[in-house]
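Student: I have a structure open and would like to go through it with you. Could we take it topic by topic?
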Amino acid sequence: MKIALIGYGKMGKAIDAIATAKGHEVILRVDLNSQHLLEKEHLEKADVAIEFTTPETAYHNILKCFESNVPVVCGTTGWLDKLPEIKEHCEQQHQAFLHATNFSIGVNIFFEVNKKLAALMASQPQYDVWMEEIHHTQKKDAPSGTAITLAEQVLAAVTRKTGWVNAENQQPENLSIISKRIDPAPGTHTITYTSAIDDITITHTAHSREGFASGAVVAAEWLKGKTGVFTMRDVLNL
Ligand SMILES: NC(=O)c1ccc[n+]([C@@H]2O[C@H](COP(=O)([O-])OP(=O)(O)OC[C@H]3O[C@@H](n4cnc5c(N)ncnc54)[C@H](OP(=O)(O)O)[C@@H]3O)[C@@H](O)[C@H]2O)c1
């Protein structure tokens with residue numbers, strides 16, 4: 001498969017290594033200094049584009065791929081207010097688009113486990129529930145986007161909790177998310193249900209950013225030849 005990498009930072013480089021090791025050919029590498037390469041004459045030679053750039057540039061880059069008839073896998077976060085527009089463009093122009101805020105296959109499976117456990121705990125009010133996320137000290141946002149997704153899944157089922165707070169719990173109706181910043185943790189997420197009798201805990205621990213990169217390559221392999229708007233749930237058949 002011929003791949004165009006749009007964004008060649010930490011994720012772009014990790015994806016390059018994994019895609020090449022799997023026998024794919026990276027035919028285009030675009031960063032801030034080589035944006036002039038983001039034209040149809042170059043893009044249309046790719047079977048798929050993988051976009052990991054910045055919130056300010058992702059929208060424009062995705063439209064460039066659509067104009068060039070290239071399916072696009074996008075992992076850039078922070079621009080999702082424009083996602084409905086992108087979906088509309090994709091459908092109108094019969095293109096292919098796949099976005100995920102977390103491409104790790106393990107995290108996507110963990111999301112499903114979290115939903116299942118929350119559904120079981122909905123009718124067990126003797127359990128309190130709280131969360132913890134641990135990341136490296138360079139991480140600027142807290143709680144992590146993955147923690148927010150996990151919290152929203154819990155809140156959708158466990159209605160005795162009405163919202164999340166990024167602090168130790170003060171009110172029983174709040175879902176507490178405790179954020180810790182410890183090097184070199186690439187990302188650990190834990191959900192604990194606790195009662196007077198016992199605790200039930202589920203944890204996902206990332207060992208490196210390779211999980212995000214290899215998930216993006218799997219998504220690109222899956223997207224080739226399709227049209228429509230997809231997520232990792234489609235790729236993993238969850
Ligand atoms: N979905 C997931 O699983 C997942 C996982 C990790 C990260 N992310 C997200 O992915 C994005 C990138 O993360 P990262 O860690 O790779 O960031 P990064 O190391 O800062 O890399 C960003 C890259 O985008 C390039 N870039 C900036 N503007 C561009 C433009 N207009 N056209 C083409 N390239 C442009 C930068 O070029 P220069 O090097 O020249 O500045 C750089 O190569 C972030 O939004 C992050 O939150 C998602």
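Student: Which side chains does R29 or D16 meet in a salt bridge?
Tutor: The side chains of R29 and D16 meet each other, with 2.7 Å from N to O. A salt bridge here is a side-chain nitrogen of Lys or Arg within 4 Å of a carboxyl oxygen of Asp or Glu. This is a predicted model, in which local features need pLDDT of at least 70 and side-chain atom pairs count only at pLDDT 80 or more, while totals for chains, interfaces and linings use all residues. Residues are numbered from 1 along each chain as its sequence is written, and side-chain values use heavy atoms, with hydrogens and water left out.

Student: Which parts does that pair tie together?
Tutor: R29 belongs to strand β2 (residues 25-30) and D16 to helix α1 (residues 10-21), so the pair links parts that are 13 residues apart in sequence. Helices (H or I, at least four residues) and strands (E, at least two) are DSSP runs, numbered from the N terminus.

Student: Why can such side chains pair?
Tutor: Side chains of opposite charge can pair when their charged atoms come close.

Student: How many salt bridges are in the whole structure?
Tutor: The search finds eight. Between domain 1 and domain 2 the count is one. There, the side chains of R233 and E112 meet at 3.3 Å, N to O.

Student: Where do the domains run?
Tutor: Domain 1 covers 2-103 + 210-235, and domain 2 covers 105-205; such bounds come from an automatic or database domain assignment. Their C-alpha centres lie 30 Å apart. Seven residues from domain 1 and six residues from domain 2 make the contact, meaning heavy atoms within 4.5 Å.

Student: What area do they bury?
Tutor: About 550 Å² is buried between domain 1 and domain 2, with 42% of it on carbon and sulfur atoms. Buried area is the accessible area (1.4 Å probe) that two parts lose on being put together, summed over both. On the domain 1 side, N102, M232 and R233 supply 67% of the area buried against domain 2, more than any other three residues.

Student: How many residue pairs are in polar contact there?
Tutor: Four residue pairs across the interface meet the rule, both residues at pLDDT 80 or more. A polar contact is a pair of N or O atoms within 3.5 Å; within protein, one must be able to donate a hydrogen and the other to accept it, and residues adjacent in sequence count only if both atoms are side-chain atoms. The elements that give two or more residues to the side of domain 1 that touches domain 2 are α7 (210-223) and α8 (232-235). Of these, α7 gives the most, with three residues.

Student: Changing topic, which residues are closest to the ligand?
Tutor: The closest are G9, K10, M11, T77 and F103, among 23 residues that surround the ligand, each with a heavy atom within 4 Å of it. A polar backbone atom of Y8 is 2.9 Å from an oxygen atom of the ligand. For K10, a backbone N or O atom also lies 2.9 Å from a ligand oxygen atom. Q35 places a polar side-chain atom 3.0 Å from a nitrogen atom of the ligand.

Student: Last one: is the peptide bond from D183 to P184 cis or trans?
Tutor: That bond is cis, with omega near 0°. P184 lies in the loop between β8 (174-181) and β9 (188-194).
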